[in-house]
Amino acid sequence: DKNDKARRRAAGALTNLACDDTAEVMGNHKGLLDTLAVVATKDENKEVQTRAAMALTKLAASITIKMPCHNTLLDALVVASLSPAANSVSAVLRVKARDPENRESMARHPGVLDTLADICISPSADVKDKDNAMRALMHLTNESSNRKAMCNKKILEALVKCASLEAKGTEEIRDSSIRAIERLATEFSNRAYMARHEGLLVAVAKATEREAKLEESGAKAEHAFLAKPLLMSLLVAM
């Protein structure tokens, strides 16, 4: 519709219709998910973009891998992630990646890994989106069948970038990236390639230093110290 208010209300109505009971029917409706993704990205009105993204992410919360529309949903989320308007795509992908049954399909779905890496690297993405995207990548590395596929230049660039963050409030992102690197390195065949990736050994060495200082201070660590054995395994692989 040419009228901004009409488009805004239509997107709002779709948001209100979305729930666990309706998600599969709506997701299977021809063109709906694709339309919401395009509107969330390209509509000339920011409020319409925001409401379309809200409708899409609300549907995503209820659509499961067992539904025929699941792949269409992942396509739509990849497109919607490009929206300049605030949206919850990174949060949705994080929640999806937390569920073990989703991990293999997500890692192999065209565009999902690139989308998460782009959010991690983007200078315009806010800290919360980076945190969500990095945690999603970390969850995906939990799946052993994903580790070879995820050991590529773009993913490693995102991991190194986030592992090297020093700004206040980015500690969780940094720690998540180190855990993701450690999990990729449990695949022995990945180690030599990882060790030669620019900046990766430096990032892990800095994490080793941070962990050593924490250990010396007697501070309680939320997670096990991973960086030192990770660094040793990568150095041996060289």
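**Helix α8 and its cover**

Helix α8, residues 112-121, has seven of its 10 residues buried, so the rest of the structure largely encloses this helix. Before going further, please note that this is a predicted model, in which local features need pLDDT of at least 70 and side-chain atom pairs count only at pLDDT 80 or more, while totals for chains, interfaces and linings use all residues. Residues are numbered from 1 along each chain as its sequence is written, and side-chain values use heavy atoms, with hydrogens and water left out.

Two terms are needed at once. Buried means under 20% relative accessible area, exposed means over 50%, and partly exposed lies in between, with a 1.4 Å probe and protein chains only. Helices are DSSP runs of H or I with at least four residues, strands are runs of E with at least two, and both are numbered from the N terminus.

Which residues of α8 are buried? They are V112, L113, T115, L116, A117, I119 and C120. The cover over the buried residues of α8 includes α5 (70-80), α6 (89-98) and α7 (100-108), and also α9 (127-141), α10 (147-150) and α11 (153-163).

**The nonpolar core**

A nonpolar core is a set of buried Ala, Val, Leu, Ile, Met, Phe, Trp, Tyr and Cys residues joined through side-chain atoms within 4.5 Å. The largest such core has 68 residues, of which L56, I181, M194 and L234 touch the most other members. Helix α11 gives the most to this core, with seven residues. Contact means heavy atoms within 4.5 Å. Apart from neighbours within four places in sequence, I181 is in contact with L159, A163, M194, L200, V204 and L230.

**The cysteines**

How many disulfides does the structure hold? The count is zero, a disulfide being a pair of cysteine sulfur atoms within 2.5 Å. For C69, the closest cysteine sulfur is in C19, and at 14 Å the separation is too far for a bond. C69 is buried, with a relative accessible area of 2%. C151 is likewise in no disulfide, the nearest cysteine sulfur being that of C120, 16 Å away. C151 counts as buried at 12% relative accessibility.

**Salt bridges**

A salt bridge is a side-chain nitrogen of Lys or Arg within 4 Å of a carboxyl oxygen of Asp or Glu. By this rule there are 10 salt bridges.

In helix α4 (residues 46-60), R51 and E47 are four residues apart, and therefore separated by about one helical turn. Their salt bridge has its closest N and O atoms 3.4 Å apart. R51 is partly exposed at 29% relative accessibility, and E47 is partly exposed at 40%.

Where do E104 and R108 lie? Both are in helix α7, four residues apart, about one turn of the helix. E104 is partly exposed at 38%, as is R108 at 43%.

In helix α14 (residues 200-217), E209 and K213 are four residues apart, about one turn of the helix. These two form a salt bridge with closest N and O atoms 3.8 Å apart. E209 is partly exposed at 45%, whereas K213 is exposed at 53%.

Finally, D4, R7 and D43 are linked in a network of salt bridges.
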